[in-house]
Amino acid sequence: MWDYTDKVMEHFLHPRNVGDIEDPDGVGEVGNITCGDALKLYIKLDADKQRVVDVKFQTFGCASAIASASALTEMAKGKPLAEAAALTNQDIA
């Protein structure tokens with residue numbers, strides 16, 4: 001059995017920013033054919049298209065996939081677009 005940290009469990013049990021965004025500025029989709037996880041990420045930018053003002057996700061997957069998507073949305077929201085786009089899986093971990 002996996003041994004998740006308290007922070008991972010908090011994001012899994014109470015994920016932030018779940019859902020979609022009406023009229024998003026961007027939508028990304030990714031999946032893992034091996035384990036079956038799938039993620040759809042929606043972003044909304046400010047009027048100048050320079051800063052992430054909202055980000056939401058829909059996911060199908062395990063606890064760590066849900067927690068990671070939730071954490072990613074928290075990290076990206078409010079950041080300049082270039083900074084949000086540069087986030088890596090290591091940043092999320």
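In the hairpin of β1 and β2, six residues lie between the strands, and G36 among them has a positive phi near 90 degrees. The model is predicted.

**Hairpins and sheet**

- β1 and β2 (residues 38-45) run antiparallel and are joined by six bridges.
- Within this pair, G31 has A38 of β2 as its bridge partner, and V30 stands opposite L39 of β2.
- L39 also has a bridge partner in β3, namely T59.
- β2 and β3 are paired in the antiparallel sense over eight bridges.
- The hairpin of β2 and β3 likewise has six residues between its strands, and K49 takes a positive phi near 60 degrees there.

**Helix α2 and its surroundings**

- α2 has 14 residues, and the distance from its first C-alpha to its last is 20 Å, close to the 20 Å expected at 1.5 Å a residue.
- Ten of the 14 residues of α2 are buried, so the helix is mostly covered.
- The buried residues are A63, A65, I66, A67, A69, S70, A71, L72, T73 and A76.
- These buried residues of α2 pack against α1, β2, β3, α3 and α4.
- G78 follows α2 and has a positive phi, near 90 degrees.

**Packing of α1 on α2**

- Two packed helices are described by the angle between their axes and the distance between the axes.
- The axes of α1 (residues 6-13) and α2 (residues 63-76) come within 8 Å and cross at roughly 90 degrees.
- α1 and α2 are therefore roughly perpendicular to each other, since angles of 65 to 115 degrees count as such.
- By class, the residues of the contact of α1 with α2 are six nonpolar, two polar and one charged.
- An α-helix has 3.6 residues a turn, so residues three or four places apart point the same way.

**H11**

- H11 is a residue of helix α1.
- Is H11 buried or exposed? H11 has a relative accessible area of 9% and is therefore buried, the limit being under 20%.
- Setting aside neighbours within four places in sequence, H11 is in contact with R16, I66, A67, S70, A71 and E74.

- Most residues other than glycine have a negative phi.
- N17, which is not glycine, has a positive phi near 60 degrees.
- N17 lies in the loop between α1 and β1, and N17 is buried because its relative accessible area is 14%.
- D23 is placed in the loop between α1 and β1 as well, and the phi of D23 is positive, near 55 degrees, in a residue other than glycine.
- D23 counts as exposed because its relative accessibility is 60%, with the limit for exposed set at over 50%.

- L87 is in the loop between α3 (81-85) and α4 (89-92).
- L87 and A76 are eleven residues apart in sequence, and their C-alpha atoms are 7.8 Å apart in space.
- Leaving aside neighbours within four places in sequence, L87 is in contact with L72, M75 and A76.

Key
Residues numbered from 1 in each chain as written. Predicted model: local features only at pLDDT ≥ 70, side-chain atom pairs only at ≥ 80, totals over all residues. Heavy atoms only, no water. Axes fitted to C-alpha atoms, helices over the stretch in contact; angles between N-to-C directions. Helix = DSSP H or I, 4+ residues; strand = E, 2+ residues; numbered from the N terminus. Parallel < 35°, antiparallel > 145°, perpendicular 65-115°, else oblique. Nonpolar A, V, L, I, M, F, W, Y, C, P; charged D, E, K, R; others polar. Buried < 20%, exposed > 50% of the residue type's maximum accessible area, 1.4 Å probe, protein only. Contact = heavy atoms within 4.5 Å. Pairing = 2+ DSSP bridges. Expected span 1.5 Å × (residues − 1).
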